[in-house]
Every structure is written in structure tokens, then in C-alpha cells.
Amino acid sequence: MGVAHDATITFEEAPLAAEQSVTALIDEQVDHRFKALPPDAEGLSVGALAAERRNLFTGGFTTPVLALSAESVEANLALLETYAERHGLAFAPHGKTSMSPQLFARQLEYGAWGITAAVPHQARVYRAHGIQRIFLANEVVDAVALRWLAAELDGDPDFTFACYVDSVRGVELMDEALRAAGAVRPVDVVVELGAGQGARTGARTEADCAAVADAVAATSTLRLVGVAGYEGEVPDASPERVREWLRRLVALAAGFDAAGRFAKLAPADAILISAGGSAWFDAVADVFAGIPELSRPVCKLLRSGAYVSHDDGHYLRITPFNRVPEEGALQPAFRLWAQVVSRPSGEQAFLNAGKRDAAYDLDLPQAQVVRSARDGSVRAATGITVTGLSDQHTWVGTEEGAELEVGDWVGMGLSHPCTSFDKWQLIPLVQADGTVTDYIRTFF
């Protein structure tokens, strides 16, 4: 540690392909495609608009507008870097959260091993923006996607990729597609251990996992490199239940190693053991600290993604830092600003943001502050509660005496970063004083 990180989105340490892709983002033209950007910026490049360092409130932005706190993003990036280093973990944050190459580059700058994907389309976005290490936390059985993957691997010897396998049939389909594609390099795979009966994906028992591993060993197109899973799907999750499942995962890796199932790995190659969403990475760190010595080095790979922006709802409640406050605290980075467009009664108001603008799948937005349309002063949103969302309206309940009038801007905290990022293609990165320093491009 001890490295000072520039708070702007820079790419000096990113691969050449990433630098080239970011240049393309900077040169992209601002126009009607991007919500909330100043109409008088039409025709400017994104880079030119960023260089003007406009103020979010007085620089011509229209409402609703989603803002991402530059200071909070920076603090969150630094915290997870420190946490991973402290606990001896490699880190491949889940890119599905933001689908932003600029944030991927920052995560890599802050020590990330690579970026996690969920589906092949996301991996294509990553590759288009220069990502050299991808962990795909799913089984890939689409023949077209596997043909693309084979071409990527064969065309770039420095490209590292691994994905789940959780069924013998899946292995058969992967092998068939890769052979048909004429793949030269084998695809690295990890056996996914399911989190329990009724959980999401993954082989349910150790015997099932062994059968999948045997199927992999019988192919020339796949190479077994480790085991993985997602502890967030443990039924009736508790610290004890999650740790019990994580110990099963570690034991599975040790058993595979003792049985010689990683024989295709070179002595210096690492055995990959991966878990860790955004809710239980403290348990992952604890259990992975006890991984026994294996025949090869071990890459203990954490995959948390929501940390980059955190939130004011779901993840604020479940973050492991609530259990280990001495390790630090993440900072909510999103604030959605909307304007009061109707005040039909003393108990009700309506804002001009709705389901098209705000995440609502886990929690409704939370009114936090009000910016006066009269003088620009900011006050707490006392007595103001979001009660519902329509497509383009926020329903607001107001208590007696609540200060709110037509024209005021209301700043709202959001819950669930994944469904906040994906509603906005270009998001202002804003300093505490309202200065917009950059624009975060997303690719959903």
C-alpha cells in the first residue's frame, strides 16, 4: 500500500487495448442518447465536456440525473484493495455490477487480479476493452459463445480465462463445441459446488463434483484448475452455515488435489479456489485462511462486485463490514436527483424520476436531501418519504411541516447497484462540491 491513486479515471497501468478503448470512450459524442446531460453540450466529445468541469446543479444538467460520488468510489476501491491484501486474497470483482470499462480499469489499478463475468456477452465487452483475465461464474454451453472463446484464447496467448462446470452433460456440450471450433488451447474450468439443495447452480454433492471432474479429465479441450461456488445462495444463510459450506469447498479442492485431479497443471500453476459475493466475504476470508498446503500454489479468489458504489439499502444492511467494523466501512456513492413537478396536497408530492431511472427491485429510493430551487441551499429531507414509483414519477409522502415545493431538487439514495448502473449509459462522476470531473460509460 502507500500508493497514491489519482481520483480521476486514468489508464496508465491498463493494457494497451484498454487505453485504446478508453480513448474511444473519451471521443464519443454527447447527444440525445444520454439522459440528463446538458442540451448545450450536444456535439461535444465526452472528454471535452469533462474538461469543462461543470457543476451538476448549475451547469445545465436536466433532471432526473444520477450522480456517482468521486470520493466514495475512490474510498471503496482503496478499502477492498486493502482488505484483499490483508487477508491474502486475490480479487476479481464482478463486472456485472457496473459494466463500466472505466471502473474495471480502476479496479485493476487497485490490485484486482481480473474481472468476473456472468455470461458470454459480458466477457465480450471485457475483451473489447482490453481485460486480460476473466473469471466467468457460470457454465458456458452455448456453441456460438464457445467458438468465440476458442478464437479469443487461440489468438491471444496472454488471455487468461476460467469458467464453471457443474454437470457431465455440460462438459460434453463444451467439449463437442470446442472440438468443432478447432480449439487449440484448452479452456480452464472449475467445478462448481452448489450451495445446498434448492440453491442456485452447482453440483449438489461431492460425488457429483467428482463425476464432473472425471468428465473434464476425459477431454482434451478442457483443463481442471480448481473449484468454486457462491456462498450467497446457502439456504437459510447464517455465519455458521456459510462457513460450513466454505469448509466443504476447501475440502473438495484438497480432495481433488490428493486424487491427482490437477495433474494437467504445471507445478507453478495455481489451483483456483473461488467464492465471495458482497454479503459474506468476511467468512470467505476466515475459511480460506485455513486452506491446507496443496501440491501447487493456491489462488484464493474473491469476487465481490457491489462494493464499488455500495448503496443506501440492501448492501448497506448486509455488508460484512457491519460485522467487522474495525476493517473499515464502505461509502454509498449513488445519489439520484429528481425535481418536484407536482405538489397537489400537503401530504403528497411527485418527482420526475421513476422506474426507468431508479433501482426498485429490492428497496424504494430514500429521500435524503432537498436542494432549494429558490436559493440553492441544501437541507435534510425531513418528513419526506418515497412511497412508490411509476414509470416516470416518484410518489412522495410528506409529513406536516415538511419543506418541499415545486421546483426543488430531491437527492435520493438507491438500493442495489446492479440495477442502478444498468438504467444509465453515461453517469456523471461528481465531487462533493458538485463539480463533474468525468462520465462513467456503461455497456449493458
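**View 1. A close-up of the largest pocket and its lining.** The lining of the largest pocket takes in 30 residues, and the ones nearest the centre are H94, K96, R200, Y230 and G277. Keep in mind that this is a predicted model. The space in this largest pocket comes to about 590 Å³. Sorted by class, its lining holds 13 nonpolar, twelve polar and five charged residues.

View 2. Look for β4 (133–139) and α11 (314–318): each of them gives at least two residues to the lining of the largest pocket. Which element supplies the largest share of that lining? That would be α11, with three residues.

**View 3. Helix α9 packed with helix α10.** Two packed helices are described by the angle between their axes and the distance between the axes. Here, α9 covers residues 239–258 and α10 covers residues 281–288; they pack at an angle of about 45 degrees, and their axes are 10 Å apart. That angle is why α9 counts as oblique to α10. The crossing of α9 with α10 is right-handed.

**View 4. The residues that meet between α9 and α10.** On the α9 side, the contact is made by V242, R243, L246, R247, L249 and V250. On the α10 side, look for D282, A283, V284, D286, V287 and F288. How many residues of each class does this contact of α9 with α10 have? Eight are nonpolar and four are charged, with no polar ones.

**View 5. Helix α8 packed with helix α9.** Helix α8 spans residues 206–217, and it packs with α9 at an angle of about 40 degrees, the axes being 11 Å apart. With that angle, α8 is oblique to α9. As for handedness, α8 and α9 make a right-handed crossing.

**View 6. The residues that meet between α8 and α9.** From α8 come E206, C209, A210 and A213, and they meet R248, L252 and F256 of α9. Split by class, the contact of α8 with α9 has five nonpolar and two charged residues, and no polar ones.

**View 7. A cis peptide bond at P64.** Zoom in on the peptide bond that runs from T63 to P64: is it cis or trans? The bond is cis, and its omega is near 0 degrees. To find the spot, go to the loop between α2 (46–52) and β1 (65–69), where P64 lies.

**View 8. A positive phi at A36.** The backbone at A36 has a phi near 80 degrees, which is a positive value in a residue other than glycine. You'll find A36 in the loop between α1 (16–27) and α2.

Definitions and conventions
Residues are numbered from 1 along each chain as its sequence is written. This is a predicted model: local features need pLDDT of at least 70, side-chain atom pairs count only at pLDDT 80 or more; totals for chains, interfaces and linings use all residues. Side-chain values use heavy atoms; hydrogens and water are left out. On a 1 Å grid over the protein atoms alone, a cavity is a set of points where a 1.4 Å probe fits but cannot get out, and a pocket is an open set with protein on both sides within 12 Å along at least five of seven lines; lining residues have an atom within 4 Å of a point. Grid points are joined across faces, edges and corners, and a volume is the space filled by probe spheres set on the points. Helices (H or I, at least four residues) and strands (E, at least two) are DSSP runs, numbered from the N terminus. Ala, Val, Leu, Ile, Met, Phe, Trp, Tyr, Cys and Pro count as nonpolar, Asp, Glu, Lys and Arg as charged, and the others, Gly among them, as polar. Axes are lines fitted to C-alpha atoms, for helices over the stretch in contact, and angles run from 0 to 180 degrees between N-to-C directions. Angles under 35 degrees count as roughly parallel, over 145 as roughly antiparallel, 65 to 115 as roughly perpendicular and the rest as oblique. A crossing is left-handed if the near helix is turned anticlockwise from the far one by less than a right angle, and right-handed if clockwise. Contact means heavy atoms within 4.5 Å.
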